[in-house]
Amino acid sequence: MARSGNNVVVHVLVAMVVLWDGAAAGAAALPLPDLETTTTMNDTVTGSLSADFHLESCPDLHSMVRSAVQAARNQDVQITAGLLRIFFHDCFPQGCDASLLLDKTHPGSEQHVHPQNAGLNHKALQLIESIRDMVHRRCGERSVSCADILAVATSHAVNLAGGPFINMQLGHRDSVDPAQPWQVQTLPAPTADVTTLFNSFAGKGFVNAIDVVALSGAHTVGKARCSSFSDRTNNPNDDGFARELAAFCAGDGNRQHNLDVITPDSFDNRYFADLINRKGVLTSDQALTNDGRTAWIVNVFAHDQANFFQKFAQAMEKMSRLTSPGGVKARRNCFKRDAGVNIQTTVAAAGSGDDESQLAASA
């Protein structure tokens with residue numbers, strides 16, 4: 001037992017000097033294949049993506065999006081958290097295709113039937129559509145997909161909140177239908193333990209524990225409804241912070257608590273300090289400090305913000321590579337499926353570049 005304890009101490013000390021990356025980190029923290037050799041259903045069209053996909057067709061894309069996001073943040077700093085959640089919840093089920101943006105008037109809307117997507121930030125959703133309208137007026141109708149606009153807006157929102165700039169991969173197509181219920185249900189639950197988190201992310205090609213912890217760091221901004229952590233407030237036991245949460249919620253599942261209790265409006269590494277201090281709001285967050293496979297990574301990020309920023313940007317860039325076949329180049333309205341578009345036609349023509357044949361029946 002003493003020898004095992006000494007090995008853990010040495011491992012943590014080494015980790016705090018330099019956070020391993022690539023295959024070494026994957027092998028040490030999570031014994032699964034390297035990300036680069038893992039194929040998932042989302043890897044089918046990633047070869048068409050690039051960070052400068054719209055450089056020639058819409059050279060002002062980034063400046064337009066950044067200005068719009070800055071104006072929105074001036075009105076409500078929660079825009080950053082809202083965009084992060086929408087981006088993650090859109091990309092995770094079946095790839096970054098703006099299927100989540102199809103509104104509740106659409107049959108099977110991901111917003112309507114799935115508790116995982118309850119309480120999406122309405123202002124953030126509206127912001128994506130308003131940017132889409134501005135971009136299409138400037139660069140041409142269907143010039144940039146709603147999925148790409150969401151990715152770019154999320155990157156700038158993180159950066160404007162004090163975080164890193166994320167080199168999002170662009171060139172995604174917009175889905176004409178929502179993701180299937182079973183796909184949406186792959187989103188990790190706020191009550192998940194570390195093994196469940198690993199399994200969920202591995203199914204999307206994220207086999208590196210550092211990526212999983214880094215992406216959890218998105219909770220350094222935003223709020224959670226009391227209903228999302230009721231498992232903690234209903235059973236506070238001897239956890240002092242759980243008792244604080246129970247008192248805050250007072251039985252009201254709709255009350256919202258900051259996920260980062262120190263600097264909730266800034267994108268920084270203080271969320272990890274919260275976890276070390278046993279003040280993680282969600283069970284899935286606090287679990288990261290209770291498992292040896294992730295506790296050392298939390299410790300590194302809590303003491304090295306630059307390291308966290310680097311790993312977070314890399315993990316988000318990986319997330320932006322997730323794609324799905326089919327769809328159209330860009331929807332005319334982010335909230336609506338284009339009238340007359342047939343899903344079988346779009347899937348058959350995907351990758352051909354012939355959007356005219358896909359959209360010939362569109363209104």
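**Figure 1. Arg332 and its salt bridge with Glu141 in the predicted model.** Arg332 is partly exposed at a relative accessible area of 28% (buried is under 20%, exposed over 50% and partly exposed in between, with a 1.4 Å probe and protein chains only). The closest N and O atoms of Arg332 and Glu141 are 3.1 Å apart (a salt bridge has a side-chain nitrogen of Lys or Arg within 4 Å of a carboxyl oxygen of Asp or Glu). Arg332 belongs to the loop between α16 and α17 and Glu141 to the loop between α6 and α7 (146-160), so the pair ties together parts 191 residues apart in sequence. Helices (H or I, at least four residues) and strands (E, at least two) are DSSP runs, numbered from the N terminus. Glu141 is exposed, its relative accessible area being 55%.

This is a predicted model, in which local features need pLDDT of at least 70 and side-chain atom pairs count only at pLDDT 80 or more, whereas totals for chains, interfaces and linings use all residues. Residues are numbered from 1 along each chain as its sequence is written, and side-chain values use heavy atoms, with hydrogens and water left out.

**Figure 2. The salt bridge between Asp103 and Lys336.** Here the closest N and O atoms are 3.0 Å apart. Asp103 sits in the loop between α4 and α5 (110-113) and Lys336 in the loop between α16 (305-319) and α17 (343-349), so this pair ties together parts that are 233 residues apart in sequence. Asp103 is buried, at 15% relative accessibility, while Lys336 is partly exposed, at 37%.

**Figure 3. The salt bridge between Arg138 and Asp60.** The N to O distance is 3.3 Å. Arg138 is in helix α6 and Asp60 in the loop between α2 (22-29) and α3 (61-75), so the contact ties together parts 78 residues apart in sequence. Arg138 is exposed, with a relative accessible area of 52%; Asp60 is partly exposed, with 35%. The whole structure has ten salt bridges.

**Figure 4. The largest pocket and its lining.** A pocket is an open set of points on a 1 Å grid over the protein atoms alone, where a 1.4 Å probe fits, with protein on both sides within 12 Å along at least five of seven lines; lining residues have an atom within 4 Å of a point. The lining has 39 residues, and Arg85, His89, His219, Lys223 and Leu282 lie nearest the centre. Elements giving two or more residues include α4 (79-94), α9 (194-202) and β1 (223-225). The most come from α4, with six residues.
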